[in-house]
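Please keep the sequence and the 3D view open side by side as you go.

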Amino acid sequence: MADDYLVRIGRLIRDARQHRGWTQAQLAEALGTSQSAVNRIERGNQNISLEMIARIGEALDSEIVSLGYAGPMHLRVVGGRRLSGAIDVKTSKNACVALLCASLLNRGRTVLRRVARIEEVYRLLEVLSSIGVRARWINEGVDLEIVPPAELDMAAIDAEAAVRTRSIIMFFGPLLHRMDQFKLPYAGGCDLGTRTIEPHMIALRRFGLDIAATEGQYHAVVDRAVRPDRPIVLTERGDTVTENALLAAARHDGVTVIRNASSNYMVQDLCFFLEALGVKVEGIGTTTLTVHGVPDIDVDVDYSPSEDPVEAMSLLAAAVVTESELTVRRVPIEFLEIELAVLEEMGLDHDRTPEYVADNGRTRLVDLTVRPSKLEAPIDKIHPMPFPGLNIDNVPFFAAIAAVAQGKTLIHDWVYDNRAIYLTDLNRLGGRLQLLDPHRVLVEGPTRWRAAEMMCPPALRPAVVVLLAMMAAEGTSVLRNVYVINRGYEDLAERLNSIGAQIEIFRDI
């Protein structure tokens, strides 16, 4: 039994080292020991003290063993099983976090229906509660009620929760209307390389917001004399950039025109919510938004965010990779039309129901049934574009899909610095992915998946892609430290189990 624990701990250390990008020699140098000692530890051939485990965890910035509290969550996946039946798509993660930030615009009571119960939402709720917002789950934990205080206590902000979510940057837009100066911790979230907030600043400076970044905080000062006197042209058509501009414009006393705006799903949901607050927004679904601001918003509002197209794509990919027949219900079809067109070109056998309307009264939904198909690699490369192009967050799922198709597929993830690198983790499971550069990966299929034990990639969508491949691989796989998956998916393992997967949640010693 002791030897078994040593082997398991050795594997944890090896995987953590590899994800850090270190050699055994580099870890040995950090620990002041020899490479041969590190090699013995990783093979489970050397007794190791808790002190040494703690030192290794500190060196690798990875929690190897947890004491006194629940350790990181892992998944044990018995693969090679077919999925069947039907599954509903949950509400949009990205819409929900935008609406939580937008609730700061309102002095009245906000109720959001069927909010995704995910770690990203929990972190934002911790931040909101720390500054005085009363947020509670109602209707047996299905819906969320938010009531802001008369004055926000920014000095009490939960910095630890804030730095674990990139969504905190969407506080800028609402807060500039509520106070003349404030501080926010640096934004965190997925490890996707350098992601500057300068596009946000270019837009928000037009509303008098000036920001200096020092000592792990954004220091914001608002000049009330500055007002947008001409259309705001966003320097990138980003989702959160557009949302921040919308949040700033919502309580600006006047008309604001935002050009080169994103028209993606979460932006549209935010626009619908702003209309429920009494803010008129023209051009929803286009790249030019005209916002008729309301200086004071004090209404009781009840809103239902729409379903998540990226989760829908995740479930479709699960069916494709496991060669299953599966019905995915409540799919927001207008945000998956390009993806489905590419899959049809590859040979996907599927059908869809007539369209019906989401609970927000605006978004178009369908139910999709996917059947086992003989896929061929697409002629053209897979690459994202701003909506209505192929969604950037859906690109990783095509790595797993391409891996089961006949031929070679080029995937070009030009947006993020290093997300394509994480896709090569599929090689540990039998994939044949060749990294051409930090943005391009060549996928060759079909793949005979094999089970493996590995650390979860530190980015949400590649992490789910690895999980899907494990579901297709014969044998038992282990995916360690899946916090990043819980940031974006509610009860994913349990829901996949409901349609035929076999995934066990467990924690280490």
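The exercises below go from domains to helices, salt bridges, contacts and backbone geometry.

The model is predicted, so local features need pLDDT of at least 70 and side-chain atom pairs count only at pLDDT 80 or more, while totals for chains, interfaces and linings use all residues. Residues are numbered from 1 along each chain as its sequence is written, and side-chain values use heavy atoms, with hydrogens and water left out.

**Exercise 1. Domains**

Find the domains of the chain and describe how domain 2 and domain 3 meet.

Solution. Start with the bounds, which come from an automatic or database domain assignment. Domain 1 covers 3-60, domain 2 is made of 73-90 + 307-507, and domain 3 covers 93-303. Next, take the C-alpha centres: those of domain 2 and domain 3 are 29 Å apart. Finally, look at contacts, meaning heavy atoms within 4.5 Å. Here 31 residues of domain 2 are in contact with 28 residues of domain 3.

**Exercise 2. The sides of a helix**

Which residues of helix α2 are buried, and where do they sit around the axis?

Solution. Helices (H or I, at least four residues) and strands (E, at least two) are DSSP runs, numbered from the N terminus. Buried means under 20% relative accessible area, exposed means over 50%, and partly exposed lies in between (1.4 Å probe, protein chains only). In α2, residues 24-31, the buried ones are Gln24, Leu27, Ala28 and Leu31. They lie on the same side of α2, because their arc around the axis is only 100°; the arc is that of the directions from the helix axis to the C-beta atoms.

**Exercise 3. Salt bridges**

Examine the pairs Arg113 with Asp302 and Arg487 with Glu120, and compare them with Glu198 and Arg205.

Solution. The rule for a salt bridge asks for a side-chain nitrogen of Lys or Arg within 4 Å of a carboxyl oxygen of Asp or Glu. By this rule there are 35 salt bridges.

- Arg113 and Asp302 form a salt bridge, with the closest N and O atoms 2.3 Å apart. This pair links distant parts of the chain, 189 residues apart: Arg113 is in the loop between β3 (110-112) and α6 (119-130), and Asp302 is in strand β13 (residues 301-303). Arg113 is partly exposed at 24% relative accessible area, and Asp302 is partly exposed at 43%.
- Arg487 and Glu120 form a salt bridge whose closest N and O atoms are 2.7 Å apart. Arg487 lies in helix α17 (residues 483-488) and Glu120 in helix α6, so the pair ties together parts that are 367 residues apart in sequence. Both Arg487 and Glu120 are buried.
- Glu198 and Arg205 form a salt bridge with the closest N and O atoms 3.0 Å apart. Glu198 is partly exposed at 33% relative accessibility, and Arg205 is partly exposed at 40%.

To finish, look for a network of salt bridges: Arg109, Arg134, Arg136 and Glu145 are linked in one.

**Exercise 4. Two contact lists**

What do Gln268 and Gly431 touch, apart from neighbours up to four places away in sequence?

Solution. Gln268 is in helix α11 (residues 265-276) and is buried, with a relative accessible area of 9%. Its contacts are Ser263, Ile284, Gly285, Glu334, Phe335 and Phe387. Now move to Gly431, in the loop between α15 and β19 (432-437). Gly431 is buried at 10% relative accessible area and touches Leu426, Thr447 and Trp449. Gly431 and Trp449 are 18 residues apart in sequence, and their C-alpha atoms are 6.7 Å apart in space.

**Exercise 5. Backbone geometry**

- The bond from Phe387 to Pro388 is cis, with omega near 15°, and Pro388 lies in the loop between β17 (364-371) and α14 (395-403).
- The bond joining Gly445 and Pro446 is cis, with omega about 5°, and Pro446 lies in the loop between β20 (440-445) and β21 (453-455).
- Arg330, in strand β14 (residues 326-332), has a positive phi near 65°.
- Asn481, in the loop between β22 (475-480) and α17, has a positive phi of about 60° and is partly exposed at 27% relative accessibility.
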